[in-house]
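Here is a short report for a first look at this structure. Keep the view open while you read.

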Amino acid sequence: MLSGKIEEKINTPIPTFKETHAISAQDALLTGKFKQTTYDESQGFSKDAYWHKLSFPKVTTPNAKKSIYLGLNYYVIEYLDFYLFHGSQLQAQWKRGALENWQGGTPHYEGIWIPILLSDHDDTTLLIRKQGNSPLLTPFKLFDNKSAETKKEQKLIFWTFIISSLAILLAHNVFVFILLRQPGFIYYLGLNIVIFIALSVVTGFSRWIFSEEVSQWIIKNLFVIFGIGAWILFRFSLRFLKEVQIPSPESLIRKYGDSIFITFLIFTQLLSVKNVAFLFAAIEIFMFLICTYWGIKAYVKGFIAVRFYLFSWFFLIIGSILNTLIFWKILPINFITESILPVFSILQLLGFSFAFADKAKQFERNRKLQALTDSPTGLPNRTYYFSKLPALVAEMAKNPPQLALIMIDISNYQTLCQAFGPAKADSAISEVIQNIQRQLINMEGILSFPLPNKNSYKVIRITATNIILISTKPEQIKQQILHIQEILDAPTLVNKIHFRHQYKIGSALYPSQGLDLDKLYQNALIANHSVSYSSGSWVAFTDNLKSNHAHQLGLITQLTNDIEHEKLYFHIQPQVKLVDRSIIGGEVLIRWHNEHLGQVSPAEFIPLAEQTGLIYKLTDMLFEKVFHWTSEHPKALSLQSLSINISALDLLQEGFAKRVIDQLQTYRLAASKFTIEITETSIFQNNDIVHDNVKQLHQAGFRLAIDDFGVGYSSMQNLVALETDELKIDQFFVMNLLNDSQSQTLCRNMIDLCKALNIVSVAEGIESEEILQLLKQWQCQVGQGYHLYKPMSPTDYLTLLDEKVPPLSAPTNRA
């Protein structure tokens, strides 16, 4: 009995008996039911009370220790009472159960230490009454005074370290959460708190930091605390791995995982502690397997931050499993096993903290990657071209390279949008771009563009419809572009329809046509925009193109200024009824004379106005000028009408019709005296804005005409869609009537179509009497052209009307 030893472990089994009815300590001392064989039974799950007896002989030698301490390491036994007897006399008693009030008599919490004063007259007996669902009565150790004080100090230092570490870590994480507000971090903070509480209970220092009442409540609901901790860990994992879609949003575990933990929490209130312990062990195994699987899967997908997540899982689960083995008496309780759970808990909390830091770094890497890539395709984007590519070319410049920038613009995006909707249009464009990337990946002579994620591509997506690639072998550019054209010419399946893309390709050489990437891009863009139906789909940059482009920029600048100052004006080309050549009206033609550029053709500046958006201001200005002039000269509309050309883009503008009608009403004019001519009508299909504008114009009394019918984008469908009043046969067919049989056939069929649909037929470009007579023979109703009248100023037009007053019986409408 502590003969020269600092500490001594009490060997088990200890004499034990089971309490079958309430019994006092005095009666328990006198009973003869104590048996060592009953000890193992007392270590299982049971609500019964068990009594244990430790006997010490009386002190007979002068130097023997008369005062010793009994120390206990396990702190979750609900009711634990100690009774000290000298002979049959009760000397002292202590309550040390987890649900008993006993700390009030001590200045500060030190753990469970029972002082045993040995008698030199009688044998000393220590009775221990244990009752509760804990399966353990851990091995006791006996200490002399000095070694007991040493153990108390060691335990105090150890728990001070553990508590301080957890508190500092918790404070740090709260601060990090306030700074970062990362999704899932709130679960991590909750996990910190739950681990702190669970450790305080399992290791006994809950009475050090909590009141008796709080500590007892935690003990009663210990598995509730464990269940909440497991649920928080589950939610934390879902949040932490959300960016890589692990588990998938459709998975059963994501949908019903919360229900598992809710069910467990309900069972903690309904089942015995033993059954709840089994359930929690099953949840531990389930969590270990599923979260480890998720972590490995995320790492394989490239989510590097998950490495610390797996590290934390390892320590958390190992610590939890080892603590469970202690609970089930598979592992003994000693300083080492007692320290595993708190130390591993700190390690796992540190690991999760590092995981968040690593995730923040990965977010930053991803953010930088996203800034350099196109989201739908993952290809390098415009930012990559201007920020990263110069450094790549600079490296190559050590051996000055000869390069060619190839720019591809897929030009039928709007048509796709109208036919299938913007989502499918975006998908179709992305598909063809990715197909180009796949076809070029192994093609030699095309520069590769490395990204920070180690992936490499050969295509840069500048805009939704514009991509570039760089040839490192300009001498082979023709063959390379032919290969690219083969890819682009292959049909794309959209909504089960094979769709062929329209595209334009421009190219520019480095360094001869651009010493830097900005200039190279500019020149390739000029070449790309110079593609026309006559030039084919590819144009290489030349100095002439640059001059033309500079000229166009100058035109745009001057046009913008002159529209703002309303310096453009209009002429009128008379239109005649072919039956009697009476003037029934005129077509308003926009004209522009600039003080620097001189006279500029509408064929040159109107397309520029449409490309730059100036067309809307130009149209508004033209209506304003025409309405103002006709209000001052009502004679122009007395028996005649005027036709005004607009761009198809005008009808695509919401509120266009209302704006025109408001202008008309301001000058108190009759809409029936005006015909609005429209070209490029293919873009109107299934467009609600166009249909709304057309409806309003018709209701106001305007007549609508399709201009340049038979060429460009005009379609039969729009004769109906626009509720057309008039069809103008393009001068291309009219001027060739005398020497082209196909033009004769087409022109005559268009006139017959007008008669069948009961709409007015108008022939443009009548240049001779023979053409006029042929048209008259086919019963074309209205004509205009240089053979009849050239365009003239509004003043000359009024003079002409005075000279050519139609007979009183002449009809006033265009038919």
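## Around Ser507

This model is predicted. Leaving aside neighbours within four places in sequence, Ser507 is in contact with Leu405, Ile406, Ile477, Ala524, Ala527, Trp538, Val539, Ala540 and Phe541. Find Ser507 in strand 17, which covers residues 503-510.

Is Ser507 buried or exposed? Ser507 has a relative accessible area of 5%. The cut-off for buried is under 20%, so Ser507 counts as buried.

Look at one pair in detail. Strand 5 spans residues 79-86 and pairs with strand 6 in the antiparallel sense. How many bridges join strand 5 and strand 6? The pairing runs over six bridges. His86 has Gln89, in strand 6, as its bridge partner.

## A nonpolar patch

Now turn to the surface. Which residues form the nonpolar patch there? They are Ile262, Ile266, Phe267, Leu270, Leu271 and Leu279. Together they have about 530 Å² of accessible area.

Helix 8 (residues 252-270) gives the largest share of the patch, with four residues. Ile262 is found in helix 8.

Definitions and conventions
Residues numbered from 1 in each chain as written. Predicted model: local features only at pLDDT ≥ 70, side-chain atom pairs only at ≥ 80, totals over all residues. Heavy atoms only, no water. Patch = residues over 30% accessible without salt bridge, like charges linked within 9 Å, V, L, I, M, F, W, Y side chains within 5 Å. Areas by Shrake-Rupley, 256 points an atom, 1.4 Å probe, with all protein chains shown as cover. Salt bridge = Lys/Arg side-chain N within 4 Å of Asp/Glu carboxyl O. Helix = DSSP H or I, 4+ residues; strand = E, 2+ residues; numbered from the N terminus. Buried < 20%, exposed > 50% of the residue type's maximum accessible area, 1.4 Å probe, protein only. Contact = heavy atoms within 4.5 Å. Pairing = 2+ DSSP bridges.
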